[in-house]
Amino acid sequence: MTGNQTPQITPKASFKQYCRQESETAKLAKAFAVSLEQWISQNPHAHLNISLEGDLGAGKTTFARYLIQGMGHEGRVKSPTYTLCEPYPIQKNHLSFTAHHFDLYRMRDPLEWQEAGFAEHFDVPGLCLIEWPEKAEGTLPPFDIQIQLQAGADENERSITINALSEAGKTAIDSIDIN
Ligand SMILES: Nc1ncnc2c1ncn2[C@@H]1O[C@H](COP(=O)(O)OP(=O)(O)OP(=O)(O)O)[C@@H](O)[C@H]1O
Ligand SMILES: [Mg+2]
């Protein structure tokens with residue numbers, strides 16, 4: 001991880017899981033979705049910023065896809081590689097919120113996300129999931145949660161760490177239960 005968007009800090013809480021295959025990544029993302037939903041139900045007007053970090057092909061989009069679907073989105077989750085941002089309005093039980101999924105890899109300028117009018121997405125109830133936050137060179141609002149994905153020994157193995165960086169993030173990851 002490079003850049004100053006996610007400086008080396010001590011997380012307030014952490015959850016680490018070794019996923020031996022994609023189905024285990026799916027299971028973790030869905031467990032995370034359940035925990036986030038619980039937080040959103042208690043904080044229906046609040047917003048969480050979540051970074052997805054890892055090398056090309058680490059599984060950031062794959063994790064985001066299972067997470068967004070785990071929260072109740074029933075359609076496709078496209079990679080936002082070319083559009084930079086894809087919105088997913090979710091209505092579930094009494095909850096109504098939006099997950100904005102970003103991939104900033106192709107930004108030519110660190111402020112392109114602002115020029116594209118995306119700043120308002122950081123205020124709406126719900127969450128922003130951001131791949132390649134380092135491309136914005138520290139211009140994004142602070143993160144509540146950092147997800148790090150790392151390749152393992154086998155091509156389908158990933159080590160996934162979920163770090164809470166704020167008090168809100170800490171509560172939001174608190175009830176992750178993969179059993
Ligand atoms: N355990 C696993 N967890 C996640 N993805 C896995 C796993 N095993 C295999 N894969 C595969 O790895 C690939 C990950 O690609 P993905 O597009 O999610 O990566 P990415 O980190 O978003 O890359 P990029 O930086 O290009 O956006 C997918 O083809 C997925 O099926
Ligand atoms: Mg991706």
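Which backbone lies 2.9 Å from an oxygen atom of ligand 1? Gly59: one of its backbone N or O atoms sits at that distance.

A word on ground rules. This is a predicted model, where local features need pLDDT of at least 70, side-chain atom pairs count only at pLDDT 80 or more, and totals for chains, interfaces and linings use all residues. Residues are numbered from 1 along each chain as its sequence is written, chains are lettered from A and ligands numbered from 1 in the order written, and side-chain values use heavy atoms, with hydrogens and water left out.

Back to ligand 1. The side chain of Thr25 has an N or O atom 2.8 Å from a nitrogen atom of the ligand. The side chain of Arg158 has one 3.1 Å from a ligand oxygen. The protein covers 75% of the 640 Å² of accessible area that ligand 1 has on its own (Shrake-Rupley method, 1.4 Å probe; for residues, only the protein chains shown count as cover).

Helix 2 gives the most to the shell, with three residues. Helices here are DSSP runs of H or I, at least four residues, and strands are runs of E, at least two, numbered from the N terminus.

Next, the magnesium ion, ligand 2. Its protein donors are Thr61 (OG1) and Glu131 (OE), 2.1 to 2.2 Å away. Donors are N, O and S atoms within 2.8 Å of the metal (3.2 Å for Na, K and Ca); water is not among the atoms, so sites may look incomplete. Thr61 is in helix 2 (residues 60–70), Glu131 in strand 5 (residues 126–131), 70 residues apart. Glu131 is buried, at 3% relative accessibility. Buried means under 20% relative accessible area, exposed over 50%, partly exposed in between (1.4 Å probe, protein chains only). Thr61 is buried too, at 15%.

Now strand 5 itself. Six of its six residues are buried, so the strand is largely enclosed by the rest of the structure. It pairs with strand 2 in the parallel sense over six bridges. Strand 4 (residues 95–103) also pairs with strand 5, parallel, over six bridges. Pairing requires at least two DSSP bridges between the strands. Gly126 is the bridge partner of His47, and Thr98 stands opposite Gly126 as well.

Notes: Polar contact = N/O pair within 3.5 Å; in protein donor to acceptor, adjacent residues only side chain to side chain.
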